[in-house]
Amino acid sequence: MTSPGIVRRTQRVVGIALFFLLIVLFLPLQAIIFVQFTELERRTVISNVERAINTIDDERQQLLQLTRDNASWDDAYAFAQGRNDGFVEQIFNQTSFETNRLNLLIILDTAGKMRAYKTYQFDATRVTANDAEVLRRINASGLLSQIGPDHGATEIIQLPGLPLLLSAHPILTNNFVGPSMGTMIMGRTLDATRIAEFGTQLRLDVQIHRLDLPDLPEEISSTVGKITTTGAPVVTPLTVDSVAGYGLIISASGAPTLLIQVNSSREIVQIGRTTALYTLMTFVIAGLIAMFTLAKLLNQLVLERLGLLIQNVKLIGIDKDLRHRVAIDGHDEFSLLANTINETMRALEQTEHERREAEEQREQMWKDVIASRRNFLATVSHELRTPLTPIRGYADLMLHGIGGAITPEQEQFLQMIQQNSRRMEAMVNDLLVMGQLDAGRVDLHIEQLAVAPAVTSVLAMLEQQITQQQVAVSVEIPPDLPTVRADAHRLDQILANLITNAIKYTRSGGRVQIRASSVNASQVEVAVHDTGIGMSDTEMERLFTPFYRADSVLSAQISGTGLGLSIARSLVELHGGTINVQSTPDVGSVFRFTLPSAAASDATVLVDQANTAAL
Ligand code: ADP
């Protein structure tokens, strides 16, 4: 048995906990991962930009070295002096231009006059400037002012067609000895092909932007502004997949000459994103696994065992057997609870056992008490009745003058003796009957009886009492009332007890009425009405209890034993009838009892006979 409520609630709690964990842990984690990877990308792009700038610097150094090698040469020295005119044509032929990746060679004499001007792939289609214009721009760039007697310099200048990397060196002898005979200038164009070559070399997508052109695009000028302000390369994502890094190439004079752009794919940030996504997925999967594992464990370790325990305990409730024990194996809180339940059951069983024993003992004691009371009653009643008979007998004899003549006063005393001994005899008889009823020793001699004669005979017996009490007694019994099946002596006893009470508890001048009627085909009801003192509801509740007498009766000192009604009820019930009472204090009471009508019994006999015949 499981409790889905607990599983669902636990899963919900774990789910909520995970959700908050996700917010508290994962989101900052993701932000950290993302920031880290973006920073890594920025650094990588900056490093790429720096590599590109370094490559151009290397190119400058390499060109400077080439210029230095050619300028510090006796042949060049002689050419500059005007002694070796064939030098340029001889040395700087197409092959040497190509091999050294040169596009321009200029040799100036000490006066700055152009001694040689030679270009390669530097025609007007690409560079829309003639030698004079080129020289003007070289002079304007300040390159020449940077060289010294024994050292050269490099510079990038902008020609109308494209940027040009220049290197200048004083013309010296082989041993780098002066005085300088002029200046050798070598140039390499920085065209797209060249820049692409750098890119291939660096495995980067490198581009350059001229900064000397009019109407520079806004993003270029703002990027240059940023680099100049921060002094560091600028990184700008272009699309989701690519990022650009920008750096400046500064001229020897310190002015920005070219903006170098290095494009890279955003692999790092992509990896960052993927990492974050995987982390999220791992998180969610781990969370789900944790949630289901928890639910499963909860089910296995708690709910199934709890269910077993509940079933076990339920069985105890169903069987109501304290000998049941709860069986749960293992060593946990459940087995502990099971042990505790078992111990409680054991204690309960013990208590129940003791209670039963005590009850049995009490029952036995009660039986003994009843038996001894019965014996006592039987003995006492018997012993009391024995002397009563001769007392009444002798009083009778004396009243009849057998013992001699008696005075009127003596006659009155003897009548008192007779009357009281009769009362006492009645009481003793009540006690005897009570004892017999108690012991179940009353046998009924059932016969078919008419109610009216029985009532008449009882009233006759009570005549003296009626006269003394001064109550009006009337009888209302229909002549066609069915006969009843009853023991004649016991019927008299029932009637006598009820009518005696009605007379006894009705003040003089009151009325007592005896009515009988047929309730239905099987029952006859006899009712004794009086206009007497009546009873309260609480008194009525205890009315049929042996020896019970109402307080009002006791205080009025009306004599009685409290046995009459109890005997009447037992006798009515022995006949298969019922008895009840209705009463109102100071208004009166009605006692009703039923007896089986003889007509119904006859009908039953007839039906029985018919059934027997049918068989
Ligand atoms: P007893 O009459 O000897 O006291 P009963 O068993 O006949 O004993 O009656 C029990 C009690 O019921 C009486 O003591 C009395 O309080 C009350 N009782 C019985 N019959 C009547 C009645 N007709 N009217 C009022 N009270 C009655």
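A polar contact is a pair of N or O atoms within 3.5 Å. Keep that in mind for the ligand part below. What you're looking at is a predicted model, and the protein is divided into domain 1 (32–267), domain 2 (321–438) and domain 3 (440–611).

**Domains**

- If you take centres over C-alpha atoms, domain 1 and domain 2 are 137 Å apart.
- Domain 2 (321–438) and domain 3 (440–611) each give residues to the lining of the largest pocket, so that pocket sits between the two.

**The ligand and its neighbours**

- The ligand has 21 residues around it, and the closest are Asn 501, Tyr 505, Arg 549, Thr 561 and Leu 565.
- Start with Lys 504: an N or O atom in its side chain is 3.1 Å from an oxygen atom of the ligand, and a pair of such atoms counts as a polar contact within 3.5 Å.
- Tyr 505 also uses its side chain, with a polar atom there lying 2.7 Å from an oxygen atom of the ligand.
- With Leu 565, look at the backbone instead: an N or O atom there lies 2.8 Å from an oxygen atom of the ligand.
- How much of the ligand does the protein bury? Taken alone, the ligand exposes 520 Å², and the protein buries 98% of that.

**The largest pocket**

- Its volume is about 1,600 Å³.
- There are 48 residues lining the largest pocket, and the closest to its centre are Ala 426, Leu 462, Gln 465, Thr 500 and Lys 504.
- Several elements give two or more residues to this lining, including the helices α11 (408–438), α13 (463–469) and α17 (564–574) and the strands β14 (523–530) and β16 (588–596).
- Which element gives the most to the lining of the largest pocket? That's α14, with ten residues.
- Sort the lining of the largest pocket by class and you get 19 nonpolar, 20 polar and nine charged residues.

**The second largest pocket**

- About 230 Å³ of space lies in this one.
- It is lined by 13 residues, and Arg 101, Asn 103, Gln 121, Arg 194 and Glu 197 are the closest to its centre.
- The elements giving two or more residues to the lining of the second largest pocket are α4 (94–99) and α7 (192–202).
- Of the elements, α7 gives the most here, with three residues.
- By class, the lining of the second largest pocket splits into three nonpolar, four polar and six charged residues.

Technical notes: Residues numbered from 1 in each chain as written. Predicted model: local features only at pLDDT ≥ 70, side-chain atom pairs only at ≥ 80, totals over all residues. Heavy atoms only, no water. 1 Å grid on protein atoms, 1.4 Å probe; cavity = no way out; pocket = protein on both sides within 12 Å on 5 of 7 lines; lining within 4 Å. Points joined across faces, edges and corners; volume = space filled by probe spheres on them. Helix = DSSP H or I, 4+ residues; strand = E, 2+ residues; numbered from the N terminus. Nonpolar A, V, L, I, M, F, W, Y, C, P; charged D, E, K, R; others polar. Domains from an automatic or database assignment. Near = heavy atom within 4 Å. Polar contact = N/O pair within 3.5 Å; in protein donor to acceptor, adjacent residues only side chain to side chain. Areas by Shrake-Rupley, 256 points an atom, 1.4 Å probe, with all protein chains shown as cover.
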